[in-house]
Structures are given as structure tokens and as C-alpha cells.
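Please keep the sequence and the model in view while reading.

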Amino acid sequence: MTATTNAPQKKPQAAWIPALMIGLRLLLICAVVAGIISFVYAVTKPKAEANLRETKRIAISDIFGMENPDFDEDNGFYTVRDASGTVGYCVESTAAGFGGDLTLMVGYSADGTIRGVRIVSHSETPGLGARVKDDPAHLGQYTGKSGTLKLNKDGGTDVDAISGATISSRAVNQAVNQATDVLTKRLAATSGGDAQ
Amino acid sequence: MMNILLLMFTAILVENFIFAKFYGCCPFLGVSEKPDTALGMGMAVTFVMTVSGGVTWFVYRFLLEPFHLEYLKTVAFILVIAALVQFIEMFLRRFVPALYSALGIYLPLITTNCAVLSSALLIVQNNYNFIEAVAFGFSAALGFTLAITVFAGLRARMNAADPPRAFKGFPLTLIAAGLLAMAFSCFSGVHL
Amino acid sequence: MNKFLKQMKEGILDQNPTLVQLLGMCPTLATTTSVENAFGMGMAATVVLIFSNIFISLLRKFIPKQVRIAAYIVIISGFVTAVELLMQAYFYSLYQSLGLFIPLIVVNCIILARAEAFASKNPVLPSAVDGLAMGLGFTFALVILGSVREILGNGTWLGLRVLPESYPNMVIFLLPAGAFLTLGCVIAAVQKIRNTVEDRARLKEAMAKKAPAETKAKEDPAQ
């Protein structure tokens, strides 16, 4: 069907005027479409950002068991407080799963042990890779652990992968380890700062 | 260098566009009746996807990102791809007639091949640099070519079969594709 | 009114874009791992189809013939982006699970095919109905496929358990290979039904032809 557009068109000698008109019309259509999209974008942007913040807020409050956690964000690093002061940290971390990116929120107690792991967004196959999210026991394995973790599938003893969802389990594990790295670096930087 | 090779291996076999990701299934099922045409289509797609991988990367980095117009990427990419296909067609017709006569009839079909658009979008999503973008476009298209040529060989033999009437034509084609996908799924656990 | 009903029946059954016309295979295979995703994909495509049909029909005299495909693609991709943004705002989890397949609605052949074959030649109202009918036909096909795959692969339907816990999930139906196999079998079933209907019609026709001949033959000796 697209073939017809590409058929050579016979143009008269002074063809540039109709050609210009065609170009102008196409340009007008493009401009109107771009306008419509910009309008929709402007309308939906606050809501989309609120969605993202809300999923993060739910993940954090879930990990720390607080109704309304008080936290500030610095580029994917969250410091979580209650009335008495800092209770822990959260790090957002992304790794490639089977169906696309898998984004986690990893919560740490103030001493650096993992307090909980929640999946913020994923596009894994329902019934397969998505089981890393649906099976609470899997993410629960991370609670209380610290340092770099290794899956049983890869010769480690820290975490058991879900059979049939190895790729997704690996992605989760990789994301958690990345998050731990970020936390270690941050804490080192701040304690270095305190010493000065 | 190792990095690029791993990326290419993954794109060709582990995350094969057809059998693992379903990008580009329409031409895969439509233009795979004969091995020759399948190879022609595969080569045309490879050509366009390699070039479009680089061009869309430039468009995104230097046009969309500086002006915070990332949300227009789908529109921009499909326009770039359509224009690019048109341009490549004119260029080949004028300067490389031999290649044009081999690939020409497949080129117009490529604009609506979702493999091309999805590779452009994946390049942005995965945050590739320019070399990775071109390598990814090239190797994903190579995976497509591999899939479509192997499948065309299979179909040529299938024509001799006499299936139940209800399965004639498309259903049988799909089931053969399913079996081939099963074979390819042995790569899906490979982690590099 | 009758005409619209006929159009709806064409789109959903007789000329079903997926099961009969065999268009739009990528999203059909990729997003049918669960009924929810299949339905979401179908609805997103339906919305795009209705609006792109309306717009292309409105602009059918304005769009220059020579660059019409480019114009259609721009209009379609515009609506796809709008739908993507709206889903991001109001159907966030669906937006996440469909992932890259939302922008890929742009290159779904069903939409371009309806623009070229119908909307560019018909007034606005029939074009809108055509978009709705074809979109629902697409959704219908996706939901059937999604149901088969989710029930056999995961033992659930729309997240509700339908098969007993002891049922060993046949994971193959959720894998890419299962997508091809299931679609092949569903289309074979559709062809079977169509063959039967055709055969019956032909038989009826043959009987009708034969019947007058027989009555004639009976009358003949009487003469």
C-alpha cells in the first residue's frame, strides 16, 4: 500500500509551486499535531509526575512501616526521617529484566542492612518474570542482609532465584547490589564530610 | 570493544527481535514465502536500521533533548525513518542501480516495519552512545535477517505438505514459527 | 442505523482485522500474555483508530495525494503519543506493563490500512464507526488469545483463579513460542468455522439449483 506513494511522479517543468504547496500543507499538519501533543503533555504532566512520586511514597512507607514517611530526594537517593531523626535510607535502582527495565526501591536501616525491597515499575511477563513482584517471599529474602549478594543460580548462597524467572531474579539482584554500592559511596562521602 | 561484541551477540540471538521480542512480525510472516525475497527484505532492513540507528540517535541527542521535547520522540522518529527510507530509495536508484533493483521493492514496506521504530526507541531507552546505537541497529537487523531467512527455508519445504484444510496457509505458518521460536528460546537464559 | 450495525458486524466478525485480515501481528503476539494487557492494548489501539479515522476523514480533501502516507503517519503518531501520555497519567500500571508497545501502535498496519482503505474515501461518521468496529474486532481477537494463554499458562483469567491450584501451569503458553502456537490454532479454528459456513452455503445453493431441475424433471413426463 505504501508502494504507491513512491511511484515516480511525473512533474511538469515549473513544478516547484505545487511542490511547495504540498510541503506547506504537510508542514501545517505536522505543526497542528505537535501542538495537540504539547497541549496533552502540559495537561497530563503534573498527574504523571504525581503518579511516579506516589508509587515511590507507597514503596517507602511500606518498607519502613510508616503511615506518612517524611523523606527528601536527592537524585534517586532518599533520606527517610521520623520525629526522632533519620531512620534509614532508600535507593532507587534500575536493571534490565526480561521485558524491559525493572526499577526497584531498596530500603536500608541506618546501619546499612537491607530493610526491604519493593518493585516500583516493571514490564515482565505476568505469570513468569512478574512473579518476582507477586511472590512476597522472594523479595523478603533480602531483608536483613548487607553487602554484595549472590544468587544460588550463580553459585551464591544469599538469595534463591525463582525457578522459571531466573532472568528477572538476576535483574532484581543486580539492582539491589547497585543500590548498595550507591549507599556505601554516599555514606562514605557524608562521613568524610563530617570529619572535616 | 568487548562491550560492543556482547551487545551485538545479545541483540542477534538472545533478544532476537522476532522470536523473543515480536518486533517486525508483519514482514516476517508476510515476506518469507521464498528464501530469495526473504534475504532481500532482510538486507534492506539491515541497511535502513543501521542508518536509522545513527540518525535517530543524533536527532534525539541534538534536537529533542536540548529543547526538552523528549515526548515528541515517536512522531520525530517515524518521520525521520519515513524520510530516510525515501531518501535511501532515491539515492540507490540514482547511484547504485544494481542494489536498487535488488532491494528496491522492499524499501517502501520498511517504513511500517515496527522493528525499525522499536530499535530507535530502544536505543533511547537503553541510553546507548553513538557507536552502540549503530551497532545495536545493525545487529538487531541481522537477527531479523537470520530469523526471516531460516524461516523462509522452512516454509519452502512446508509447501510440499498437505495439512488439514483448516490449518492451510497462515495457521500452519504460525505453528512453524512457534516451533522455531522454541528453538531460539534456548538462548533466552544466556546472561553475558 | 442498520448500516452501522452491519459495519460493526463486519469489523468484529466477518472482516476481523486480526483473525481474518491477518493484520497487526506484532501487538497481537506480544501483549496477549494476560487478559488485562490484551484488553488494554486493544482499547488503546481502538481509541487511536477512532480518532485517526475521524481526523483523516475530515482532512481527506486537504491532504495532498502524493504525500498522503506521510501525512497519515504523522496524524496517527500524534494520537498515539497523546494516548501514551494519557495512559501515563491515568492508567499508570497498564502503561508500564505494555511498555514499548504503546508507541509501536504507530506502525500497527491495521490503523494505516483503515486510513488508506476507508477513512480517506468516506465521510466522518462512517469513518468513526469503522474505527470503532475495527478496533473492537482487534480487541476481541486479543482478548480471546489472552484468555487462552492466561488460563493455560497461569491458571487464571483476568487475575482470578479458574483452574485448581494443583494445575501445573503450562509456562510455554506465556513464552514467545506459545504466542505463535496459540495464534496459529485460533486462526485455524476461525478458518474451520468459515469453511463450514461456506460449505453449507454452497450445499444450499447446489440444492436450490437441483430442486427446480428435479421438479422440472418430474413435470416433464407428465406432459
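A residue counts as buried when its relative accessible area is under 20%, as exposed when that area is over 50%, and as partly exposed in between. At 12% relative accessibility, Ser61(A) therefore counts as buried. The model described here is a predicted one.

**Chain A**

Ser61(A) lies in helix 1 of chain A, which covers residues 16-64. When its neighbours within four places in sequence are left aside, Ser61(A) is in contact with Met66(A), Glu67(A) and Pro69(A).

A second residue of chain A, Asn173(A), belongs to helix 4, formed by residues 166-195. Is Asn173(A) buried or exposed? Its relative accessibility is 7%, so Asn173(A) counts as buried. Residues up to four places away in sequence not being counted, Asn173(A) touches Tyr142(A), Leu149(A), Lys150(A), Leu151(A) and Val159(A).

Chain A as a whole contains 4 helices and 5 strands. From the N terminus on, its elements follow the order α-β-β-β-β-β-α-α-α. Of its 196 residues, 42% count as buried. Among the contacts in chain A with a separation of 6 or more, 42% are accounted for by residues 24 or more positions apart.

**Chain C**

The secondary structure of chain C comprises 8 helices and 2 strands, and along the sequence the pattern reads α-α-α-α-α-α-α-β-β-α. For 223 residues the globule rule gives 17 Å, whereas the radius of gyration of chain C is 22 Å, well over that value, so chain C is more spread out than a compact globule. Taken along the principal axes, the box filled by the C-alpha atoms of chain C is roughly 85 × 60 × 30 Å. Buried residues make up 55% of the 223 residues in chain C. Of the contacts in chain C with a separation of 6 or more, 73% come from residues 24 or more positions apart.

**Helix packing**

Two packed helices are described by the angle between their axes and the distance between the axes.

| Helix pair | Axis distance | Axis angle |
|---|---|---|
| Helix 8 (residues 130-158) and helix 9 (residues 170-184) of chain B | within 11 Å | roughly 130° |
| Helix 3 (residues 35-58) and helix 6 (residues 109-119) of chain C | 10 Å | about 30° |

The crossing at roughly 130° in chain B makes helix 8 of chain B oblique to helix 9 of chain B. Helix 8 of chain B passes helix 9 of chain B in a right-handed crossing. On the side of helix 8 of chain B, the contact involves Leu146(B), Val150(B), Phe151(B), Leu154(B), Arg155(B) and Met158(B), which meet Leu172(B), Thr173(B), Ala176(B), Ala177(B), Leu180(B) and Phe184(B) of helix 9 of chain B. The residues of this contact divide into 10 nonpolar, 1 polar and 1 charged.

How are helix 3 of chain C and helix 6 of chain C oriented to each other? Angles under 35 degrees count as roughly parallel, and these two helices pack at about 30°; helix 3 of chain C and helix 6 of chain C are therefore roughly parallel to each other. Helix 3 of chain C passes helix 6 of chain C in a right-handed crossing. Here Ala45(C), Val48(C), Leu49(C), Ser52(C), Asn53(C), Ile56(C) and Ser57(C) of helix 3 of chain C meet Ile110(C), Ile111(C), Arg114(C), Ala115(C) and Ala119(C) of helix 6 of chain C. The residues of this contact comprise 8 nonpolar, 3 polar and 1 charged.

Key: Residues are numbered from 1 along each chain as its sequence is written. Chains are lettered from A and ligands numbered from 1 in the order in which they are written. This is a predicted model: local features need pLDDT of at least 70, side-chain atom pairs count only at pLDDT 80 or more; totals for chains, interfaces and linings use all residues. Side-chain values use heavy atoms; hydrogens and water are left out. Axes are lines fitted to C-alpha atoms, for helices over the stretch in contact, and angles run from 0 to 180 degrees between N-to-C directions. Angles under 35 degrees count as roughly parallel, over 145 as roughly antiparallel, 65 to 115 as roughly perpendicular and the rest as oblique. A crossing is left-handed if the near helix is turned anticlockwise from the far one by less than a right angle, and right-handed if clockwise. Contact means heavy atoms within 4.5 Å. Ala, Val, Leu, Ile, Met, Phe, Trp, Tyr, Cys and Pro count as nonpolar, Asp, Glu, Lys and Arg as charged, and the others, Gly among them, as polar. The radius of gyration is taken over C-alpha atoms; the globule rule is 2.2 Å times the number of residues to the power 0.38. Buried means under 20% relative accessible area, exposed over 50%, partly exposed in between (1.4 Å probe, protein chains only).
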